[in-house]
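Here is a briefing on helix packing, selected residues and backbone angles. Please keep the sequence and structure in view while reading.

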Amino acid sequence: MKKRVLVAMSGGVDSSVAAVLLQKQGYECVGVTMRLYENAMVANPRHTCCSLDDVEDARHVAYSLGMEYYVFDFSPEFDEKVIQKFVQYYEKGWTPNPCIDCNHYLKFDHLLKRADELDCDYIATGHYARVAQEGERFVLKRGLDAHKDQTYALYSFGQDVLSRTLLPVGEYEKTKVREIAEAHHLINARKHDSQDICFVPDGDYVAFLERYTGKHYASGDLVDAEGNVRGRHRGAVGYTIGQRRGLGIAAKEPLYVYDKDMTKNLVKVGGQEQLMADSLLAADWNWISSVSETPVRATVKIRYNAKDQPATLFPLPAADGEGENTLRVVFDAPQRAIAPGQAAVAYQGENVLGGGTIVQVLRHTR
């Protein structure tokens, strides 16, 4: 009897080709698209994933491949677990990564429960990553296409999820995925990839926050490291660590946002030296395949498009006051623009060791 796989289909080419590849491997595929939000909440809803157009593309592909197909409404869960956290992080001065939360809570949590309801043995997505079994443990590996690798957003996987997850496109480069789509005459073979956060497709985070919360975020002072006022900001939530453009400050040397004080409504600006940090604290750390209580050498990514850098991971005892599953990450060389709210994800070669949320930046600690 064929194993059944619930394939999360966004309407894009990657998840569609995932279904094609799994069918070739002998699985019985069931397609599902997750409805995550009300389009009225989003500006330009036709230009994002999970729009009505995307649902129709996914449905068309599923039917063309002879698959069962469902649309599940996960909008209440998405609002609670992803959007509300997104808002909270921005309001506390952090930089959220909602794709990580969506993967953790929706695509690989609620979806597994639906897979059980539909008698599916596995779930699958179109992520560029790989799952392998080494001994009795499952490991998460980088996708073979280094330019498309998406393991950074999947670090929260546990053994229970990995053991039931299939990621077939992780074995291919993007160009080959499009070739497979065209060979099977898929309607979305040349569809552009989604680049922005799905519920903020125009990239205007402040407008979304004001629309969602009904608040207006007050202007305030741009200050330097000595506390001197250098200009005015238009709402601190709209500024990100490392930002240079849009500050409206005339200065001899380039200035960047290096910190924010949301209580005092201040945005702090400085030169490159203020952006550099030696280490960070990462909370809610998830070890994927093996837990370490001693220092570990690894390479660590601090943002999705960053190159991972050599570092040492120091697990901290809960008695230190940092809480359980907190690590200190000490880099071999200072890193630029580490942002609280983003993820720190650790690697050893192709394997993902784990990751956590950056909660504190530690500057010049050597």
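This is a predicted model: local features need pLDDT of at least 70, side-chain atom pairs count only at pLDDT 80 or more; totals for chains, interfaces and linings use all residues.

Residues are numbered from 1 along each chain as its sequence is written, and side-chain values use heavy atoms, with hydrogens and water left out. Helices (H or I, at least four residues) and strands (E, at least two) are DSSP runs, numbered from the N terminus.

**Helix packing**

- Two packed helices are described by the angle between their axes and the distance between the axes.
- Axes are lines fitted to C-alpha atoms, for helices over the stretch in contact, and angles run from 0 to 180 degrees between N-to-C directions.
- Angles under 35 degrees count as roughly parallel, over 145 as roughly antiparallel, 65 to 115 as roughly perpendicular and the rest as oblique.
- A crossing is left-handed if the near helix is turned anticlockwise from the far one by less than a right angle, and right-handed if clockwise.
- Contact means heavy atoms within 4.5 Å.
- In the contact counts, Ala, Val, Leu, Ile, Met, Phe, Trp, Tyr, Cys and Pro are nonpolar, Asp, Glu, Lys and Arg are charged, and the others, Gly among them, are polar.

**H1 with H6**

- Helix H1 (residues 13–24) packs on helix H6 (residues 174–183) at about 65°, with the axes 9 Å apart.
- That angle makes H1 roughly perpendicular to H6.
- The crossing of H1 past H6 is left-handed.
- H1 contributes Val 13, Asp 14, Val 17, Val 20 and Leu 21, which meet Lys 174, Val 177, Arg 178, Ile 180 and Ala 181 of H6.
- The contact residues of H1 and H6 comprise seven nonpolar, no polar and three charged.

- Helix H3 (residues 75–91) and helix H7 (residues 205–213) have axes that come within 11 Å and cross at roughly 115°.
- H3 passes H7 in a left-handed crossing.
- From H3, the contact uses Asp 79, Ile 83, Gln 84, Phe 86, Val 87, Tyr 90 and Glu 91; from H7, it uses Tyr 205, Phe 208, Leu 209, Tyr 212 and Thr 213.
- This H3 contact with H7 has eight nonpolar, two polar and two charged residues.
- The axes of H3 and H4 come within 9 Å, crossing at roughly 165°.
- H3 and H4 are therefore roughly antiparallel.
- Their crossing, H3 with H4, is right-handed.
- Glu 77, Phe 78, Lys 81, Val 82, Lys 85 and Phe 86 of H3 meet Pro 98, Asp 101, Cys 102, Tyr 105, Leu 106 and His 110 of H4.
- Seven nonpolar, one polar and four charged residues make up the contact of H3 with H4.

**Buried residues**

- Buried means under 20% relative accessible area, exposed over 50%, and partly exposed in between (1.4 Å probe, protein chains only).
- A polar contact is a pair of N or O atoms within 3.5 Å; within protein, one must be able to donate a hydrogen and the other to accept it, and residues adjacent in sequence count only if both atoms are side-chain atoms.
- His 233 lies in strand E9 (residues 229–233) and is buried at 1% relative accessibility.
- The His 233 side chain reaches the backbone nitrogen of Gly 235 at 3.0 Å.
- A polar atom of the His 233 side chain also lies 2.9 Å from the backbone oxygen of Asn 265.
- Beyond four places in sequence, His 233 touches residues including Ala 218, Asp 221, Tyr 239 and Leu 266.
- Arg 178 lies in helix H6 and is buried at 13%.
- The side chains of Arg 178 and Asp 193 make a polar contact (3.4 Å).
- Ile 123 sits in strand E4 and is buried at 0%.
- Ile 123 and Lys 107 are 16 residues apart along the chain, with C-alpha atoms separated by 8.9 Å.
- Contacts of Ile 123 beyond four places in sequence include Val 5, Leu 6, Phe 108 and Leu 166.

**Positive phi**

- Most residues other than glycine have a negative phi.
- Asp 119, not a glycine, has a positive phi near 60°.
- Asp 119 lies in the loop between helix H4 (98–117) and strand E4 (122–124) and is exposed at 59%.
- Asn 265, also not a glycine, has a positive phi of about 60°.
- Asn 265 belongs to the loop between strand E10 (256–261) and strand E11 (266–270), and is partly exposed at 22%.
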